[in-house]
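Work through the exercises below with the sequence and the model in view. Each task is followed by a worked solution.

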Amino acid sequence: MAVQWALICHGLITLIVVVSFLCGQWPIFQGTPISSIHRFITFGAYQYFLKFVGAVFGDKGTNSILSVEYYCCDRPNPILQIIYLAILGSTYCTIVKTSFQYIPGYYLSGVHRYTSLLAVAIGILLFLLTSFSDPGTVTVDNVSQYLSVYPYDNVIYTKKECTTCKLPKPARSKHCSICNRCVARFDHHCGWMNNCIGERNTRYFLAFLLWHFLLCMYATVGIGLVLAGRLKELKIVYILTVYYGVENSFRSLAPHIVQWLLGSYDTQILLMVFLAIVSLLLAGFFAYHAKLCLTNTTTNETFKWQDYISWQKKLHEARASSAALKASINGMNGERKPRENKCKSFFKRSPLENTEAVVKNNVYDKGFLHNLYEVIFPVRLRASNSHTKSKSG
């Protein structure tokens, strides 16, 4: 029984750590233990470690750690790519080792031995496409085209020059400090891909997220069907009801079946829990990025709009406060007004509530069909195709 409890605790701790690490900064988790764990994992633990290294090894040890940090976080490196391949490879090998011996089974045919390998291969192909494709690097040759395709909205994008590349900076582009290049329709720099996500490879990134969500769901359901097949083949329900006198109802049988599964197939259960958690996280990431694509917004623009709206709200509030203060001073210097009814003054709106709402006006949103078309067929791809046609004509 201790083994079963250990597995349950392991699964819960894994779930909390994974969710805290990946989602702890989401607004829904603010002020919760999830947010605190996220801060500790991503910042607090590292700071304590730096202090420990500094106390034991001095400045030389601290500088060594900081140089490793610079390489891992501020320069292109394949560390997370290797980790991804290691996770994918070890998970698939574990499934092969623990579950393929039961395929074909009661619910699964032998074809799943080959379809699973094909599914993993497609996942790796999408990973390679996203990692090594050009995200849409702005160069001397294509900068004029990007300038004409993406007009400045004069709100979050204005006409300027990239101080590093010394090129006109097209709207929606950003200079990535890690890759040291300007990327058109910049979304974010993805450490897992060791590449920027931009105008030319957003479609591969979305396909990668969707496919890996489906892959994790396929593996979870497949392992579940393997276990259900073992339950049927070994006639566990029959043995429990006939030989052990357990009542033939879900409520009575469930605890015994769960105990049997945890005792006999603990590795498969752990894999199912892990894959189910990862699939939910991938579903959330895919839904978020799909929403951005359908509204023709990028992650970078989301943060820019948040900063702009926050700044405008503070500006409007400051103006309203200034106007209210000015009116109050004028009232004190002018004629004495009749005393206002307390009930009316209680329900009177504050001048700050009368400030106009700041509205996000995304000039790049041209309807979800056009937005989707822009992601699937990037500007540069369409331009090269039309250039080829004009040459052949």
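**Exercise 1.** Does Tyr 243 count as buried or exposed?

Solution. The model is predicted. Tyr 243 has a relative accessibility of 60%. The cut-off for exposed is over 50%, so Tyr 243 counts as exposed.

**Exercise 2.** Classify the ring pair of Tyr 238 and Tyr 243.

Solution. The ring centres of Tyr 238 and Tyr 243 are 6.3 Å apart, and the planes stand at 80 degrees. Planes over 60 degrees apart count as edge-to-face, so this pair of Tyr 238 and Tyr 243 is edge-to-face. Tyr 238 has 47% relative accessibility and therefore counts as partly exposed.

**Exercise 3.** Describe how helix H3 and helix H6 are arranged.

Solution. Start with the axes: those of H3 (residues 79-99) and H6 (residues 202-233) come within 12 Å and cross at roughly 20 degrees. Angles under 35 degrees count as roughly parallel, so H3 is roughly parallel to H6. The crossing of H3 past H6 is left-handed. Next, take the contact by class: eight residues are nonpolar, two are polar and none is charged.

**Exercise 4.** Which residues form a cluster with Phe 127 through ring pairs?

Solution. Ring pairs join Phe 127 with Tyr 84 and Phe 208. In one of these pairs, Phe 127 and Phe 208 have ring centres 6.3 Å apart and planes at 45 degrees, so the pair is tilted. Phe 127 belongs to helix H4 (residues 112-132) and Phe 208 to helix H6, 81 residues apart. Both Phe 127 and Phe 208 are buried.

Key:
Residues are numbered from 1 along each chain as its sequence is written. This is a predicted model: local features need pLDDT of at least 70, side-chain atom pairs count only at pLDDT 80 or more; totals for chains, interfaces and linings use all residues. Side-chain values use heavy atoms; hydrogens and water are left out. Axes are lines fitted to C-alpha atoms, for helices over the stretch in contact, and angles run from 0 to 180 degrees between N-to-C directions. Helices (H or I, at least four residues) and strands (E, at least two) are DSSP runs, numbered from the N terminus. Angles under 35 degrees count as roughly parallel, over 145 as roughly antiparallel, 65 to 115 as roughly perpendicular and the rest as oblique. A crossing is left-handed if the near helix is turned anticlockwise from the far one by less than a right angle, and right-handed if clockwise. Ala, Val, Leu, Ile, Met, Phe, Trp, Tyr, Cys and Pro count as nonpolar, Asp, Glu, Lys and Arg as charged, and the others, Gly among them, as polar. Rings of Phe, Tyr and Trp (its six-membered ring) pair if their centres lie within 6.5 Å; planes under 30 degrees apart count as stacked, over 60 as edge-to-face and the rest as tilted. Buried means under 20% relative accessible area, exposed over 50%, partly exposed in between (1.4 Å probe, protein chains only).
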